[in-house]
Amino acid sequence: MSTDNATQEPQEPQGSQGSQGSQGPVESRRGPAPGAAPRVRPYRHPAAGWGAAKSVARVLVEEREPVDGPRAVMRMNHEDGGFDCPGCAWPDDTKGLRLDICENGIKHVTWEMTRKRVDRAFFAAHSVTELAGWSDHDLEDQGRLTEPMVYDPESDHYVPISWKDAFEVVGAALRGLDDPNRAAFYTSGRLGNEATFLYQLMARELGTNNLPDCSNMCHEASGRALQASLGTGKGTVDLKDWESADALFILGVNAASNAPRMLTALAAAERRGAQIVHVNPLVEAAATRTIVPHDFLDMALFRSTRTSTLNIQPRIGGDMALLRGMAKAVLERSAGDPRALDATFIDRHTTGFEEYRALCEATPWEELEHQSGVSRADILEAARVYTEADRSIVSWCLGLTQHEHGVDTVREIVNLLLLRGNIGREGAGPSPVRGHSNVQGNRTCGVDHRPAEAFLDRLADACGIDPPREHGLDTVRTVQAMRDGEVKVFVAMGGNFALAAPDTPATYAALRSCDLTVQVSTKLNRSHVVHGRAALILPCLGRTEKDHQRKGIQSTSVEDSMSMVHLSVGMKRPASPHLLSEPAIVAGMARAALPDSGTPWDWYIEDYDRIRDTMAVVLDGFEDFNRRVRLPLGFRIKQPARELVFLTPSGRAEFSSAALPDVVPEPGTLALGTMRSHDQWNTTIYSDDDRYRGVENLRTLVFMNRADMRERGIADMGPVDITSTAKDGSHRYLKGYTAVPYDIPRGCAAGYMPEMNVLCALGDYSTQSDQPIMKHVKVTIVPAAA
């Protein structure tokens with residue numbers, strides 16, 4: 001199937017491995033009317049500022065939230081009874097800032113707070129076949145789900161079902177499995193810690209570690225790399241370190257869209273004279289200048305602040321060679337200036353240094369330039385900034401992890417930090433940017449298909465269960481197992497699995513092969529219309545809403561990307577009296593699936609403090625949980641590597657000496673990376689615009705280097721066909737996309753997910769992290785066939 005941009009006809013991806021795919025639906029959304037002409041023009045304004053303010057005002061008006069919207073803004077990310085932003089995982093301001101918010105966070109909250117409702121009358125009026133033809137935007141734009149629904153295959157409609165009966169459907173399906181590993185339990189990052197803990201407890205009491213999560217698609221490489229190098233799966237820095245670093249290196253991050261509150265930290269760093277180096281194939285808006293909206297004087301005077309002192313544009317996948325080049329430069333400088341290295345730190349706290357030194361010395365500059373796509377002069381300039389800074393932080397996101405060699409690249413970051421002792425001291429260290437609120441907390445609280453033995457031992461002792469010890473299925477292998485009939489029941493807590501996973505046709509086929517799919521959601525999405533033979537929609541409270549239980553209004557906890565754990569308390573009346581909280585839904589499923597369970601599910605739900613008391617026994621670092629989480633800003637989970645205690649086999653920080661991969665595209669091919677637009681959050685797309693890249697009314701596009709376009713005979717804004725080639729030699733296609741000339745290195749291209757997920761084959765995952773390689777898809781792009 002191909003899609004013609006001009007028709008804007010919503011279509012569902014079809015096909016399978018080696019067959020022709022689709023770029024996914026073309027939606028009509030907020031902003032210009034459907035059919036408005038696409039337009040692309042350079043964006044030359046500061047990030048955030050009045051553009052963000054205007055966008056927020058428009059959103060509040062369009063969502064009809066002129067009162068509750070501003071109230072929510074004033075309560076978001078506050079320690080005094082506020083709720084945590086359901087958007088990104090950037091930490092809360094340490095100085096008690098009253099407007100610690102951003103444009104995307106407000107969009108996310110108002111999208112959840114909409115007055116629109118999807119009730120039984122809606123489902124009675126629209127069959128699933130009809131809804132499958134709707135755009136993804138239009139599905140979500142119908143509003144909040146109001147009561148549990150079950151799919152009726154005879155009428156092809158969802159029909160109401162009571163909570164008791166819905167739980168029994170889940171319980172009967174799980175009890176009827178001949179092997180608990182025929183079920184899989186997925187979660188997105190939106191789940192709170194208490195629900196997460198109960199969710200993994202249910203799965204493990206059932207007898208499976210099949211707990212795939214969104215980390216499997218995003219930061220799995222970061223966790224494995226940091227664990228191998230430092231003995232921890234998390235970054236070692238906090239926001240105070242960001243406030244005292246002399247140099248910040250930001251790699252593979254589009255901060256203005258994915259972690260907009262980082263702009264505050266970048267502006268403050270520039271004002272105190274810190275050096276800020278952005279490394280990204282595209283120079284994003286956050287790497288230029290900003291006006292932070294809560295800096296009212298700057299807003300009034302239209303006064304912007306630089307957010308970068310140096311921009312470097314490596315080829316896609318070239319970051320590892322760039323980092324090794326910087327390390328080589330540091331080592332060369334140390335020959336004349338011993339202070340370039342922290343020899344004492346290296347001697348006392350690391351292992352493998354001499355092997356790494358020899359590897360750097362043996363790697364010629366020509367190879368480093370060739371693989372990185374960056375000149376030696378630029379690599380040396382980045383190394384100069386690093387060497388002359390007393391304290392440096394290196395931060396990164398999916399631009400580094402969604403590659404075949406993502407683990408090696410993150411370990412190369414640690415190598416560079418170790419050379420100058422930038423671990424375990426103020427203002428220095430590794431800082432991965434988690435892109436979804438509480439995705440890190442999900443992993444901390446037990447959603448992990450490869451659980452540690454120590455964790456399972458404590459879980460067994462505290463909860464009186466015998467958890468399974470063999471590893472479970474991650475996201476990619478869950479899709480494969482569903483497709484092959486090995487997993488029969490799929491439960492998803494949040495997210496939009498059908499669109500988030502790679503190889504869209506294969507993922508659709510996998511979901512449809514299940515005996516039962518269960519989606520715990522706040523709004524209608526694609527995963528509700530791409531379902532198993534039996535299907536349930538279980539609507540839950542949003543993070544903005546009050547959670548009433550027997551012991552009163554409950555709070556939940558979340559963990560940010562810098563290991564701070566704090567409480568979140570909803571402020572709004574629930575969208576429907578029939579909604580249940582996520583912990584209550586998990587408990588309901590568990591009671592039905594485990595009728596002889598000794599776990600006090602109902603008792604837990606009466607008062608979430610009881611869940612936290614059990615978590616305090618099971619989770620390392622959560623001791624005295626209930627008291628500490630109520631402290632101002634909560635508490636930081638203890639981090640041994642931050643104290644120079646390295647839980648590695650050697651007991652030291654370990655240098656990595658991995659070989660450089662060959663990331664240079666073959667002649668005639670391009671390396672394509674998928675990304676989000678600015679007016680998008682994960683798979684939720686608010687409009688066809690991408691303000692920071694100057695795009696209006698267009699998502700079916702591919703950004704290309706102008707020289708690559710000329711070489712292929714492609715006109716500016718001309719139609720093109722895109723073909724990806726998987727590791728197994730099979731092909732996938734997108735037809736009739738628009739080629740947009742952009743400042744991107746030669747041999748590289750970029751476009752939007754989830755539409756481009758179809759290009760990433762299910763088998764194209766990293767052998768290092770098992771993550772889909774969505775940032776490094778091998779493609780050919782040619783003028784569209786007539």
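This is a predicted model: local features need pLDDT of at least 70, side-chain atom pairs count only at pLDDT 80 or more; totals for chains, interfaces and linings use all residues.
**View 1. Glu-696 and Arg-39 meet across the chain.**
Here the side chains of Glu-696 and Arg-39 form a salt bridge, with 3.0 Å from N to O. Glu-696 is partly exposed, at 22% relative accessibility. Arg-39 is partly exposed too, at 38%.

**View 2. Lys-234 pairs up with Glu-559.**
Take a look at the closest N and O atoms of this salt bridge: they sit 2.8 Å apart. Lys-234 is in the loop between α9 and α10 while Glu-559 is in strand β21, so the bridge ties together parts that are 325 residues apart in sequence. Lys-234 is buried because its relative accessible area, 16%, is under 20%.

**View 3. Arg-469 reaches Asp-457.**
In this salt bridge, the closest N and O atoms are 2.9 Å apart. Asp-457 sits in helix α22 and Arg-469 in the loop between α22 and α23, so the parts tied together are 12 residues apart in sequence. Arg-469 counts as partly exposed at 31% relative accessibility, and Asp-457 is partly exposed at 38%.

**View 4. Salt bridges can join up into a network.**
Asp-213, Glu-220, Arg-224, Arg-443, Asp-474, Arg-477 and Asp-770 are all linked this way. Why pair at all? Side chains of opposite charge can do so when their charged atoms come close. Across the model, the count comes to 49 salt bridges.

Terms used. Residues are numbered from 1 along each chain as its sequence is written. Side-chain values use heavy atoms; hydrogens and water are left out. A salt bridge is a side-chain nitrogen of Lys or Arg within 4 Å of a carboxyl oxygen of Asp or Glu. Buried means under 20% relative accessible area, exposed over 50%, partly exposed in between (1.4 Å probe, protein chains only). Helices (H or I, at least four residues) and strands (E, at least two) are DSSP runs, numbered from the N terminus.
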